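The following paragraphs guide the reader through selected parts of a structure. Please keep the sequence and the three-dimensional view at hand while reading.

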Amino acid sequence: MATDRAKPEKIRCDACPVMCFIADGKAGACDRYANHGGDLVRLDALTIIESTENTRLVPFMKDSSGPNDWDGDIVQGKRPFVTAVGAGTTYPDYKPAPFIVSQEVEGVDMVTVVTEGIFSYCGVKVKIDTDRHIGHERDIVRVDGEPIGHVMTSEYGSKMLSLGGVEHLTGGSKKEGRVTCDALLRLCNREAVEMVIGDEGHETTVVVQAGKAPIINGVEEKLMRVGCGSATIGMFAKQWVDHVDDVVVVDDHITGVLSEHQAGKLLDVEPTGIKINGRRSTPGRYFNVAEPGTGWGGTDIEDPLTILGDFNAKFAREGLKLLMVSTTGEQYGYYELDADLKPQSADIPPALKASAELIAENCEPSVCSVLFMGGAGGSLRAGVTENPVRLTKSVKDSLTFVSCGGAEAFVWPGGGITVMVDVLDMPTGSFGYVPTPALVAPIEFTMRVSDYGTLGGHMNEIKPVADVVSDETRKVDQFQNQPDPMASANYRWAKGTSG
Ligand code: SF4
């Protein structure tokens, strides 16, 4: 705004509770808004996902953060979907969402309500494909010395972290909130974050980046195990029976022993008198053979013989052949019993070496997955409709499709609209923050215009999509694995169960 003063007047950004005063040419505290000659502008371009009917969706083609050379043609079979990336936020809550956009799709008038939500209640769930021990369940995860989350229950072949959440964003010290918000932002925007898990004396350093292999204590993980020790015995038993007398698959969770396992029994493998130092669960399946660690099969051992007791002379014999292998096939050792029935290391026969390599070959690459999880609270929903609970009901009734940056969001059952989405399915740079602190994430609600009216939507704010799309919008192509949010297949009314 022009003034007579030499110093330009600051303008107030009202897009979040911080309410920054921003001088001309400067950006606000979150770097998302700036004062351009007295106008408050959103610095990132609005992002449009372009899909074509009956065309397979393709990976992002132009993935820059600025405008591109899209000619704005929306009538030649290229259907734009307006995402909330770069759309801006509204505050306080009674204001309509920044963009409420309509277009006809397959003869149906559809509307998408688009906003960058400010999520105080949000976090990420991280899945790290590794057998290596990164921490015990409930161990604290720290970044820059601040607690930002904890280790959750492991899943099959993967360790799990729960990071962020209102407990860390607002429930601790100011620094804890700031560090947590920054770590979440970087993880969601696909950047690497180094974290330390566990307390002094048993700490593990892990570098997590969405879509990349984890780096655990400085070592990049390569493979996700093919299965637990017992499953590996079951899968590969046939490969082994003609070449070896017994096989032990070393695993921190379930170590498998061929001669005792049901698979070995069915293949007529004779008892070998082997003794495993662990807790026997069922035949050929042992728990607690060692401590968790970064050695063989997620245990702390580097020498697999340490998990063996003395062989039973009733069944064992000199020359008995033993293969020991980890759950990823990366570590293996071949042994033969000497006259004292002690295993002695020997050159591994080619067939057994090939079997270990086959295990490794059947392992998938180890990657980190980062899923953003947040709850669209009453305030965010109020930007969509004057009756927020009707939006929740509409989502549960499959009349409204929820997406984040165009990526399909998993909506949790139960109350509210609590969504979870893989950040790799979203355009790059989808996330921002405000210093309250909270994460800013895109969220879109798409439905029929008629349903929008029924749930009390801001009907006067609807604009045709052609009014929103311009040369300034950033265009990205949609991922192959993502549905078109406007496709009728997403909606109950198209399935004949509702009018
Ligand atoms: S932090 Fe960002 S969104 Fe919030 S008032 Fe400041 S510039 Fe606006």
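In this predicted model, one may begin with the hairpin formed by strand 7 and strand 8, which has two residues between its strands. There, E106 takes a positive phi near 50°. Strand 7 covers residues 99-105, while strand 8 covers residues 108-119. The two strands run antiparallel and are joined by seven bridges; E104, for example, has D109 in strand 8 as its bridge partner.

Strand 7 also pairs with strand 33 (residues 463-464), here in the parallel sense and over two bridges. In this pairing, V101 stands opposite K463. Strand 7 is largely enclosed by the rest of the structure, because six of its seven residues are buried.

Another hairpin is made by strand 3 and strand 4, again with two residues between the strands. Its turn contains G37, whose phi is positive at about 60°. Residues 33-36 of strand 3 and residues 39-42 of strand 4 pair in the antiparallel sense over four bridges, and A34 stands opposite V41.

Finally, A409 lies in the loop between strand 28 and strand 29. Is this residue buried or exposed? A409 has a relative accessible area of 9% and is therefore buried, since the cut-off is under 20%. Beyond its neighbours within four places in sequence, A409 is in contact with V402, S403, C404, V419, M420 and V421.

Methods: Residues are numbered from 1 along each chain as its sequence is written. This is a predicted model: local features need pLDDT of at least 70, side-chain atom pairs count only at pLDDT 80 or more; totals for chains, interfaces and linings use all residues. Side-chain values use heavy atoms; hydrogens and water are left out. Two strands pair if DSSP finds at least two bridges between them. Buried means under 20% relative accessible area, exposed over 50%, partly exposed in between (1.4 Å probe, protein chains only). Contact means heavy atoms within 4.5 Å.
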